[in-house]
Amino acid sequence: MLLKETQEKLIPTLKTYFGYDSFRDQQQQIVESVLSKNDNLVIMPTGGGKSICFQLPALLFEGLTLVISPLIALMKDQVDGLKANGIEADFFNSSQESIEQAIIFEKVFQKELKLLYVAPESLSLLENILNEDYISCIAIDEAHCISSWGHDFRPSYQQLGFLKQSLPNTPIIALTATADKATRADILEQLSIPSATQFISSFDRKNIELEVRPANDRLSQIIKFIRKQPNESGIIYCLSRKGTEQTAAKLQQNGIDAAAYHAGLNFVERSKTQEDFIYDKTKVVCATVAFGMGIDKSNVRWVIHYNMPKNIEGYYQEIGRCGRDGVAANALLFHSYSDVIQLRKFMSGASNEEVQAAKLDRMKQFSEATTCRRKILLSYFGELLAENCGNCDVCKNPPQFFNGTIIAQKALSVITRLKESEAIGTVIDVLRGAHNATVLEKGYDQLKSHGVGSEISWRDWQQYLIQLTNQGYCEIAFHKNNALQLTDFSKKVLFEGEQVNLTRPVAFKEQPTVDKKA
Ligand code: ADP
Ligand code: ZN
């Protein structure tokens with residue numbers, strides 16, 4: 001139980017030091033639990049507001065809160081941010097001169113500091129202050145790094161197990177955005193905090209509208225999209241460095257203020273782009289996935305994936321960079337068949353190729369879904385949504401199914417005639433009766449089924465074939481030049497009268513013009 005006196009300080013402290021009027025979601029319960037000296041495990045998505053959960057208690061504790069964080073590069077920024085709010089904070093790492101370290105020790109001994117950020121590998125240097133005279137609380141950020149089951153294991157985190165032994169009465173708060181159950185249990189075990197209170201937030205970011213569109217003429221779709229909200233900030237994620245530069249250049253040619261960001265640019269260029277974006281000088285950044293980590297900008301209004309991400313974790317993390325202020329935001333993903341093929345190629349030969357390929361498959365299924373996308377997304381993270389979300393393109397525009405058996409039969413018979421050796425493009429050419437070089441050279445114009453699907457447009461065929469692949473009626477042989485091949489299901493359609501349901505291909509939908517802030 002928290003003293004009434006402490007309880008009454010919570011909101012005023014939040015307001016004075018952080019400028020917020022109220023807590024978000026579970027923040028207050030977490031803060032109270034920390035102040036009651038419980039051990040805690042906090043699972044909250046990126047942008048959820050984890051920092052307050054230890055920074056605010058730090059202000060109300062007598063002594064120092066030690067913050068273990070793996071990102072030395074971000075420590076200075078975080079500390080500068082705290083100092084700007086009038087909070088006594090500092091960071092400690094092995095790159096500092098011994099005089100700087102001595103100054104920090106002195107501040108600790110004088111009990112002047114409220115928060116001290118330290119990298120796990122520098123912790124041993126702090127031995128003489130690691131006692132309860134000085135340390136009131138220990139926050140372990142990115143706590144999943146302690147577990148070899150997590151996706152970002154760091155050996156230096158394993159030594160944190162000793163903290164509970166040296167400071168048995170000091171509350172520990174471990175925080176992470178990784179929700180996986182096995183990792184959670186491992187964190188508790190390794191930190192020796194088996195009875196920690198667990199706070200697991202929903203991963204749902206309701207304010208982000210999810211939308212997936214076929215990748216036809218992406219650039220003009222993007223230009224239209226941006227012109228509807230020209231004063232808002234957004235990020236366009238591209239697969240390659242070249243892609244970021246080309247997209248930025250084309251947007252500039254169309255009068256849109258856009259910059260490129262990727263790891264190949266020098267530090268000065270990158271910092272400038274980042275700053276200009278943060279301070280709203282540049283509205284649009286075309287970036288590789290390197291952009292956004294540690295960027296604290298709450299009013300990013302939209303994220304576009306020009307290319308397909310390679311898994312749902314990445315997609316979710318990237319779209320999570322918009323709408324952090326809770327105001328309506330848009331996540332638009334372009335679903336491209338050739339992107340999937342390219343990503344699949346990148347993976348080939350990797351030690352965990354199978355895992356990566358399975359993850360890419362899930363991403364593909366998400367993109368091609370005909371049910372609420374948020375349900376799919378959250379179920380991926382183990383969270384079940386009872387109702388459809390109403391804020392994704394599928395909910396807003398439910399697909400209409402029709403009997404597509406004849407379409408499927410035409411496609412599958414062409415695939416058969418092509419001896420399962422041609423990729424989607426040639427399959428469509430033959431279906432549509434094209435007379436281009438490949439078709440003529442290989443004599444495909446002589447096939448009985450040449451032109452059997454000429455009434456359907458090229459784009460529509462593309463989408464039908466994707467749907468058929470998705471439903472398992474055919475498959476792509478990634479190791480055989482992406483040839484479309486038959487499956488056991490194909491035979492049922494061709495020979496056993498199995499009926500196939502398809503949805504009408506989506507034409508490019510206009511974005512509704514809504515005033516987000518209204
Ligand atoms: P995380 O560490 O979980 O990624 P942060 O602690 O960096 O998230 O917070 C994300 C954003 O939310 C920041 O811009 C922060 O200022 C803002 N924020 C956090 N708590 C609140 C609150 N109670 N009210 C308003 N904004 C908040
Ligand atoms: Zn939905």
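Predicted model: local features only at pLDDT ≥ 70, side-chain atom pairs only at ≥ 80, totals over all residues.
Colleagues, I begin with helix α15, whose buried residues pack against β8, α12, α14 (353–367) and α16 (393–396). Packing here rests on contacts, that is, pairs of residues whose C-beta atoms, placed from the backbone, lie within 7 Å. The helix covers residues 373–380, and its buried members are Arg 373, Arg 374, Lys 375 and Leu 377. A residue is called buried if 20 or more other C-beta atoms lie within 10 Å of its own, exposed if 12 or fewer do, and partly exposed in between, again with C-beta atoms placed from the backbone. Helices (H or I, at least four residues) and strands (E, at least two) are DSSP runs, numbered from the N terminus.

Residues are numbered from 1 along each chain as its sequence is written, and chains are lettered from A and ligands numbered from 1 in the order in which they are written.

I turn to the sheet that contains β8. How many strands form this open sheet, and in what order? Six strands take part, in the order β8-β13-β12-β9-β11-β10, with parallel pairing. Its edges are β8 (208–214) and β10 (258–261), each of which pairs on one side only. From one strand to the next, the twist averages 20 degrees. Strands count as paired if DSSP finds at least two bridges between them.

Seven bridges join β8 to β13 (residues 329–335), and the two strands run parallel. Within this pair, Ile 208 has Ala 329 of β13 as its bridge partner. Further in, β9 is joined to β12 by five bridges, also in parallel, and Tyr 237 is the bridge partner of His 305 in β12. Strand β9 is mostly covered, with four of its five residues buried. Four bridges connect β9 to β11 in parallel, and there Ile 235 stands opposite Val 285.

The parallel pairing of β10 with β11 comprises four bridges, and Ala 258 stands opposite Val 284. Together with helix α11 (residues 267–278), β10 and β11 make a right-handed β-α-β unit. Right-handed means that, with the strands pointing away from the viewer, the path from the first strand over the helix to the second runs clockwise.

Which helix lies across β8, β9, β12 and β13? That is α12 (residues 312–319), which runs at about 150 degrees to β12 (300–305). Such angles run from 0 to 180 degrees between N-to-C directions, with axes being lines fitted to C-alpha atoms, for helices over the stretch in contact.

The model also has an open sheet of seven strands, ordered β3-β4-β2-β5-β6-β1-β7 and paired in parallel. The edge strands are β3 (89–92) and β7 (197–200), each pairing on one side only. Neighbouring strands are turned against each other by 20 degrees on average, direction ignored. Four bridges hold the parallel pair of β1 (residues 40–43) and β7, in which Leu 41 has Gln 198 as its bridge partner. Helix α5 (residues 72–84) packs on this sheet, touching β3 and β4 (115–118), and its direction makes about 165 degrees with that of β3.

Next comes ligand 1, which is surrounded by 15 residues. The closest are Tyr 20, Arg 24, Gly 49, Lys 50 and Ser 51. A residue is near a molecule if its C-beta atom, placed from the backbone, lies within 6 Å of that molecule. The shell divides into four nonpolar, seven polar and four charged residues. In this scheme, Ala, Val, Leu, Ile, Met, Phe, Trp, Tyr, Cys and Pro are nonpolar, Asp, Glu, Lys and Arg are charged, and the others, Gly among them, are polar.

Finally, two loop residues. Asp 217, in the loop between β8 and α9 (218–227), has a positive phi near 50 degrees. Asp 217 counts as exposed because 10 C-beta neighbours lie inside 10 Å. Asn 481, in the loop between β15 (474–477) and β16 (483–486), has a positive phi near 55 degrees. Asn 481 is exposed, with 11 other C-beta atoms within 10 Å.

How values were computed
Contact = placed C-beta atoms within 7 Å.
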